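User: I am new to this structure. Please pick a single part and look at it closely, starting with the background needed to follow along.

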Amino acid sequence: MSRSSRQKRSPSPPRSGREDRSTQKPGTRNPEVKQGVRKVLVDEDNAGQRVDNYLMAQIRDVPRSIIYRIIRKGEVRVNKGRVKPDTRLNTGDEVRIPPVIRKEKPEQVVPGSRVQGVMQDAVVFENDEMLVVNKPSGIAVHGGSGLDFGLIEVLRAARPGSKFLELVHRLDRDTSGLIMVAKKRSALRYLQDELRHKRIRKRYHALVAGDWPQSLKRVSEPLLRFELGSGERRVRVDSAGKESLTLFRCLESFSGYSLVEASPVTGRTHQIRVHSVWAGHPIAGDDKYMDDVSLRAFRSAGGQRLMLHARALDFTLPSTGEAVHLEAPYDEAFAETIARLTARREASE
């Protein structure tokens, strides 16, 4: 089955929930929140989970040590009985969650309606278990490291009735294209297992510097993560690194650039970017791995972004096993760069 168009979505009902009872003392800078005893029934989607992992999802913003302490002291009960951290839950089990004092999170920046609309419009596939988004370049997949929010926070804000939305995998902030989001825990487990067993095929399009040789079809150099003095994380080819494999295919040649298809067999950080550099053809617009002269030349010619796009996904649906093929079009900046190079090539022929 080929699914290249966005399926119709029905609106979600607003989320309802109990407010926490504040234990903040007047004038304190770090307010604390204490939630009363809760008794929660395990639904089918959470069946099979360990008690400790289930509690970490139910009680946010508390240290892992507290989770294990309340289990050890017998304050957590399943069907009125004591449990161990590795006890597996079944559908219909009643879990007693005791009061836990936690630090109240500072008020979060809520994504505006415009960015919510952009992300909603970027959904290219959706069913009851998952959705796939054509992520714009420049948007991180999640907040943190100085960012108020990312793709997943925007989706949660746009869908207040959704009980579960989690990233299945990641894309670099400046990489555009297809990314999967699970709407059920069972779908998350299934899709991540499919990724581990390399049963999901991901194909990227990258515009690289120079003429990519048709004979260069694979790069299998080990990759090692390291930190610069500034704390910024980078990756390099290093014999001490993890085994990594990327398959390449040259799609088109231009004057000074090549459009290639890259299929990562392993899923290392910055894998395609660093393997491209090792091959002698850095990705255009890559301010982390492209040399300064080449980067300035690309930008002076109108290049605006990292020219890496998660173009296609092939996977099977969690419940039915039905095959799905998705393709995401380039954004305006990527498409304009390719069109400009094509016009220049045709004018010189």
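Analyst: A contact here means heavy atoms within 4.5 Å. Among contacts between residues at least 6 apart in sequence, 63% join residues at least 24 apart. The model is predicted: local features need pLDDT of at least 70, side-chain atom pairs count only at pLDDT 80 or more, and totals for chains, interfaces and linings use all residues. Residues are numbered from 1 along each chain as its sequence is written, and side-chain values use heavy atoms, with hydrogens and water left out.

The protein has eight helices and 19 strands; these are DSSP runs numbered from the N terminus, with helices being H or I of at least four residues and strands being E of at least two. Of its 349 residues, 44% count as buried, meaning under 20% relative accessible area with a 1.4 Å probe, protein chains only.

Two strands pair if DSSP finds at least two bridges between them. Strand β12 (residues 201–209) runs antiparallel to β17 and is joined to it by six bridges; Val 260 of β17 is the bridge partner of Ala 206. Seven bridges join β17 to β16 (residues 246–253), also antiparallel, and here Leu 247 has Ser 263 as its bridge partner. The hairpin of β16 and β17 has three residues between the strands, and in it Gly 256 takes a positive phi near 90°.

Technical notes:
Buried means under 20% relative accessible area, exposed over 50%, partly exposed in between (1.4 Å probe, protein chains only).
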